[in-house]
Amino acid sequence: MSKITAKTICDMKARGEKIASITAYDYSTAKYLDEAGIDFLLVGDSAAHVMLGLDSTTKITMNEMLVFTSAVARGVKNALVVADMPFLSYQTSVSDALKNAGDLIRAGAGAVKIEGASNHSLEVISRLVESGIPVVAHLGFTPQFVNTIGGNFVAGKSFETTLKILHDSLAVERAGAFALVLEMVPKESAEFITSKLQIPTIGIGAGNGCDGQILVSDDVLGRFDGFSPKFSKKYANLKEVMTKAVSEYAKDVKDKKFPTDAESFLLKDEERQKLENYKNN
Ligand code: KIV
């Protein structure tokens with residue numbers, strides 16, 4: 001299978017092929033998710049919650065995102081790696097956005113994601129694309145704006161707000177974004193917006209009318225127990241697998257059942273004999 005690029009993702013919409021996407025934050029998980037056949041892996045700023053135990057995505061830094069991005073990129077052979085630009089890494093100025101996006105690309109990302117469709121965000125998208133950096137836009141509920149929005153709310157619940165998201169979606173498409181994440185948008189609104197765009201929509205809590213889907217891997221794998229959004233689906237219970245395995249290990253240590261000779265390095269007979277003689281003298 002050849003390396004998936006931003007163009008591959010766009011071509012999938014044209015062919016009517018659904019795009020499967022999920023988040024990743026570390027080398028081994030990224031390797032397994034890639035081997036499982038995921039099209040694009042997002043190094044999401046949701047790492048703030050699931051990797052760092054923070055209570056908001058606004059608290060993760062560029063340096064932390066660079067560490068997660070390079071780890072994921074090293075694990076991946078085929079999937080497109082998209083890195084989230086964290087809070088205030090692109091809102092401050094176009095030149096900050098270019099520098100920070102460039103650092104994420106140098107860390108191994110094939111594209112970056114930014115939230116919103118303000119005039120500033122649109123300018124950032126077009127300048128990044130002009131500079132050779134593919135951009136995924138993110139509309140609907142935009143977690144980096146949680147403090148101004150006032151909470152985690154479904155966006156586009158009325159006809160008027162649906163039209164506003166459509167207007168913003170067309171604007172990010174015109175600015176050059178190659179895909180659009182739609183988060184927590186009613187199914188009918190997301191389906192309508194999807195039908196009006198050339199670029200693929202990737203839904204999270206936006207129904208099955210989007211061109212693709214994305215979820216947070218720790219929710220899908222049952223590794224994060226902080227909160228569980230309505231739109232997510234748990235396909236495994238890694239928390240249970242991990243706590244069971246580690247409690248068995250801890251019990252083996254306390255019961256002196258681990259390590260056995262099989263997990264130890266042993267002296268050769270001759271050296272052991274010398275040691276025994278020394279101990280007995
Ligand atoms: O950070 C993240 O995980 C995201 C997804 C929710 C799309 O932005």
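Let me start on a helix: Glu130 and Arg127 both sit in helix α6, three residues apart, which is about one turn of the helix. When I say helix or strand, I mean DSSP runs numbered from the N terminus, with H or I over at least four residues for helices and E over at least two for strands. The side chains of Glu130 and Arg127 meet in a salt bridge, with N to O at 3.9 Å. A salt bridge here is a side-chain nitrogen of Lys or Arg within 4 Å of a carboxyl oxygen of Asp or Glu.

A word on the model before we go on. This is a predicted model, in which local features need pLDDT of at least 70 and side-chain atom pairs count only at pLDDT 80 or more, while totals for chains, interfaces and linings use all residues. Residues are numbered from 1 along each chain as its sequence is written, and side-chain values use heavy atoms, with hydrogens and water left out.

Back to our pair: are they buried or exposed? Glu130 counts as exposed because its relative accessibility is 63%, and Arg127 is partly exposed, with a relative accessible area of 33%. The cut-offs are under 20% relative accessible area for buried, over 50% for exposed, and partly exposed in between, using a 1.4 Å probe and protein chains only.

Now the overall picture. The protein has twelve helices and eight strands. Its C-alpha atoms fill a box of roughly 90 × 40 × 35 Å, taken along the principal axes. Of the 281 residues, 48% are buried.

Helix α6 covers residues 119–130, and together with β4 and β5 it makes a right-handed β-α-β unit. Right-handed means that, with the strands pointing away from the viewer, the path from the first strand over the helix to the second runs clockwise. Another right-handed β-α-β unit is made by β3, helix α5 (residues 94–106) and β4.

How is β4 paired with β3 and β5? Strand β3, residues 80–84, runs parallel to β4 and is joined to it by three bridges. Strand β5, residues 135–140, also runs parallel to β4, with four bridges between them. For strands to count as paired, DSSP has to find at least two bridges between them.

Let's return to charges. A search of the whole structure finds 17 salt bridges. Among them is the one between Lys59 and Asp55, at 2.7 Å from N to O. Lys59 is partly exposed, at 45% relative accessible area, whereas Asp55 counts as exposed at 61%. Lys251 forms a salt bridge with Asp255, and their closest N and O atoms are 2.7 Å apart. Asp255 is partly exposed, with a relative accessible area of 37%. There is also a network of salt bridges linking Lys99, Asp103 and Arg106.

Next, a nonpolar spot on the outside. Val246, Tyr249, Val253 and Phe258 form a nonpolar surface patch, with about 360 Å² of accessible area together. Patches take residues with over 30% relative accessible area and no salt bridge, joining like charges within 9 Å and nonpolar side chains (Val, Leu, Ile, Met, Phe, Trp, Tyr) within 5 Å. The areas come from the Shrake-Rupley method with a 1.4 Å probe, and for residues only the protein chains shown count as cover. Phe258 lies in the loop between α11 (238–254) and α12 (269–280), and counts as partly exposed at 34% relative accessibility.

Finally, the cysteines. How many disulfides does a search of the whole structure find? It finds zero, taking a disulfide as a pair of cysteine sulfur atoms within 2.5 Å. Cys10 is in no disulfide, and the nearest cysteine sulfur, that of Cys210, is 15 Å away. Cys10 is partly exposed, with a relative accessible area of 25%, whereas Cys210 counts as buried at 1% relative accessibility.

Thanks, everyone!
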